[in-house]
Amino acid sequence: MATKGFTPWLKTHAKEQNAIGDLARDVAADPNWPSRRQLKGQREYLEELGAVPRAIETLERAWELYRSQL
């Protein structure tokens, strides 16, 4: 069975009214989001954009949740 990648998985949370939902909406709206760069590359991307530490923490929490569901 093929596993859904992180970015498609994250976008399924876009309707949630929490930090992961906020991140999912931001990712869905960002045409430059580095879908294939894994956590390290995505963290660097957010840092390059000047994201607040809370956004980085949310990305890491989302990755942990995603990995726990594989």
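Leaving aside neighbours within four places in sequence, which residues is Pro-34 in contact with? Let's start there, and keep in mind that this is a predicted model.

So, Pro-34 sits in the loop between α2 and α3. Setting aside those neighbours within four places, Pro-34 is in contact with Gly-41, Gln-42 and Tyr-45. Is Pro-34 buried or exposed? Its relative accessibility is 8%, and because buried means under 20%, Pro-34 counts as buried. If you want a sense of distance, take Glu-48: from Pro-34 that's 14 residues along the sequence and 12 Å in space, C-alpha to C-alpha.

Okay, on to helix α3, which covers residues 38–48. The buried residues here are Gly-41, Gln-42, Tyr-45 and Leu-46. Look down the axis of α3 and those buried residues fall within an arc of 140°, so they line one face of the helix. Just after α3 you reach Gly-50, which takes a positive phi of about 80°.

Next stop, Trp-33. Not counting residues up to four places away in sequence, Trp-33 touches Thr-7, Val-27, Gln-42, Tyr-45, Leu-46 and Leu-59.

Trp-33 also brings us to the largest nonpolar core, which has 15 residues. Trp-33 is among those with the most contacts inside this core, together with Phe-6, Trp-9, Leu-10, Leu-23, Leu-59 and Ala-62. Who supplies the core? At least two residues come from each of α1, α2, α3 and α4, with α4 giving the largest share, five residues. As background, nonpolar side chains in soluble globular proteins tend to be buried together.

On the α2 side, the contact is made by Ala-19, Ile-20 and Leu-23. On the α4 side, you'll find Arg-54, Thr-58, Leu-59, Arg-61, Ala-62 and Leu-65. Sort the residues of that contact by class and you get six nonpolar, one polar and two charged.

Methods:
Residues numbered from 1 in each chain as written. Predicted model: local features only at pLDDT ≥ 70, side-chain atom pairs only at ≥ 80, totals over all residues. Heavy atoms only, no water. Buried < 20%, exposed > 50% of the residue type's maximum accessible area, 1.4 Å probe, protein only. Helix = DSSP H or I, 4+ residues; strand = E, 2+ residues; numbered from the N terminus. Arc of directions from axis to C-beta. Core = buried A, V, L, I, M, F, W, Y, C linked by side-chain atoms within 4.5 Å. Contact = heavy atoms within 4.5 Å. Nonpolar A, V, L, I, M, F, W, Y, C, P; charged D, E, K, R; others polar.
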